[in-house]
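Here is a brief report on one chain.

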Amino acid sequence: MVRSDALELERRRWRRSPGRVLLVALIVAAALFLAWRVVVLGLLEAHFGSGYDDGRFDKLQTEFDRRSSAFAKADDRMRELAAAHPRAERITWIPAVICVRDAGRPESCKPTSAEDQAAYRALWGVDVIVRQSKDKGRTFFRFYGNDPPRYTIMHASEDTDAEEYADDRDFRSTRSLKPGWTILGPIDDLDREDAQWQ
């Protein structure tokens with residue numbers, strides 16, 4: 001009987017020992033910290049990451065569907081410009097000017113015609129239209145919005161694997177609109193984004 005009481009007393013001491021209390025406290029603290037990180041990172045991903053892209057993609061897709069003929073017309077105009085400047089490394093079009101950078105030359109800009117301005121106004125929310133020799137045959141309609149991240153609608157030939165293209169250039173997500181047309185989510189690495197658009 002005395003032996004049993006001694007064992008019970010020893011068990012109680014072990015349960016209340018400072019080492020055990022500290023160990024349990026550390027395990028609980030680590031679990032709470034891990035849970036907090038999972039929640040915070042999940043919320044950040046939902047707001048700024050690929051989870052956020054779905055909401056932006058929905059809006060861009062709706063506006064594209066409403067104005068698909070205007071996007072096609074602007075793409076045709078960029079193809080005309082590319083044909084007129086076969087050595088161009090980069091062609092950009094904003095409402096006021098169209099700029100062409102030929103290989104080994106500084107960028108040259110000309111005011112847009114009334115027809116070009118009307119074609120651009122028919123688009124919704126596009127900040128700049130870009131065509132680059134390194135992205136052969138592709139036209140990019142870039143949307144900056146009020147703040148980054150920046151989204152892009154790409155037109156390419158229908159046999160282009162948009163997913164593979166996006167992965168190669170670190171776009172974090174894509175959505176197909178119709179054959180040849182794809183929304184590209186942002187490039188999260190700013191250095192990689194700068195390299196893509198220079």
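In which strand is Arg 175 found? Arg 175 sits in strand E7, which spans residues 174-178. The model is a predicted one.

Arg 175 is buried, because its relative accessible area is 19% and the cut-off for buried is under 20%. Its side chain makes a polar contact with the side chain of Asp 58, at 2.8 Å. Leaving aside residues up to four places away in sequence, Arg 175 touches Asp 54, Phe 57, Asp 58, Gln 61, Thr 182 and Ile 183.

## The chain as a whole

The chain has seven helices and eight strands. It holds 198 residues, and 34% of them count as buried. Among contacts between residues at least 6 apart in sequence, 47% join residues at least 24 apart.

The accessible surface comes to about 12500 Å². Carbon and sulfur atoms account for 56% of that surface.

## Salt bridges

Side chains of opposite charge can pair when their charged atoms come close. The count here is 12 salt bridges.

Arg 66 and Glu 63 form one of them, at 3.1 Å from N to O. Both residues belong to helix H3 (residues 50-66). They are three residues apart, so about one helical turn separates them. Arg 66 is exposed, with a relative accessible area of 61%. Glu 63 counts as buried, at 10% relative accessibility.

Glu 89 and Arg 101 also meet in a salt bridge, at 3.4 Å from N to O. This pair links distant parts of the chain. Glu 89 is in strand E1 (residues 88-93), Arg 101 is in strand E2 (residues 97-102), and the two are 12 residues apart. Glu 89 is partly exposed at 32% relative accessible area; Arg 101 is partly exposed at 22%.

## A buried pair and a network

What does the salt bridge between Glu 193 and Arg 142 tie together? Their closest N and O atoms are 3.2 Å apart. Glu 193 lies in helix H7 (residues 190-196) and Arg 142 in strand E5 (residues 139-143), so the pair ties together parts that are 51 residues apart in sequence. Glu 193 counts as buried, at 8% relative accessibility. Arg 142 is buried too, with a relative accessible area of 5%.

Salt bridges that share partners join Asp 54, Asp 58 and Arg 175 into one network.

## A nonpolar patch

Val 24, Val 28 and Leu 32 form a nonpolar patch on the surface. Together they have about 270 Å² of accessible area. Val 28 lies in helix H2 (residues 18-48). Val 28 is partly exposed, with a relative accessible area of 45%.

Key: Residues are numbered from 1 along each chain as its sequence is written. This is a predicted model: local features need pLDDT of at least 70, side-chain atom pairs count only at pLDDT 80 or more; totals for chains, interfaces and linings use all residues. Side-chain values use heavy atoms; hydrogens and water are left out. Helices (H or I, at least four residues) and strands (E, at least two) are DSSP runs, numbered from the N terminus. Buried means under 20% relative accessible area, exposed over 50%, partly exposed in between (1.4 Å probe, protein chains only). A polar contact is a pair of N or O atoms within 3.5 Å; within protein, one must be able to donate a hydrogen and the other to accept it, and residues adjacent in sequence count only if both atoms are side-chain atoms. Contact means heavy atoms within 4.5 Å. Accessible areas come from the Shrake-Rupley method with a 1.4 Å probe; for residues, only the protein chains shown count as cover. Patches are made of residues with over 30% relative accessible area and no salt bridge: like charges are joined within 9 Å, nonpolar side chains (Val, Leu, Ile, Met, Phe, Trp, Tyr) within 5 Å. A salt bridge is a side-chain nitrogen of Lys or Arg within 4 Å of a carboxyl oxygen of Asp or Glu.
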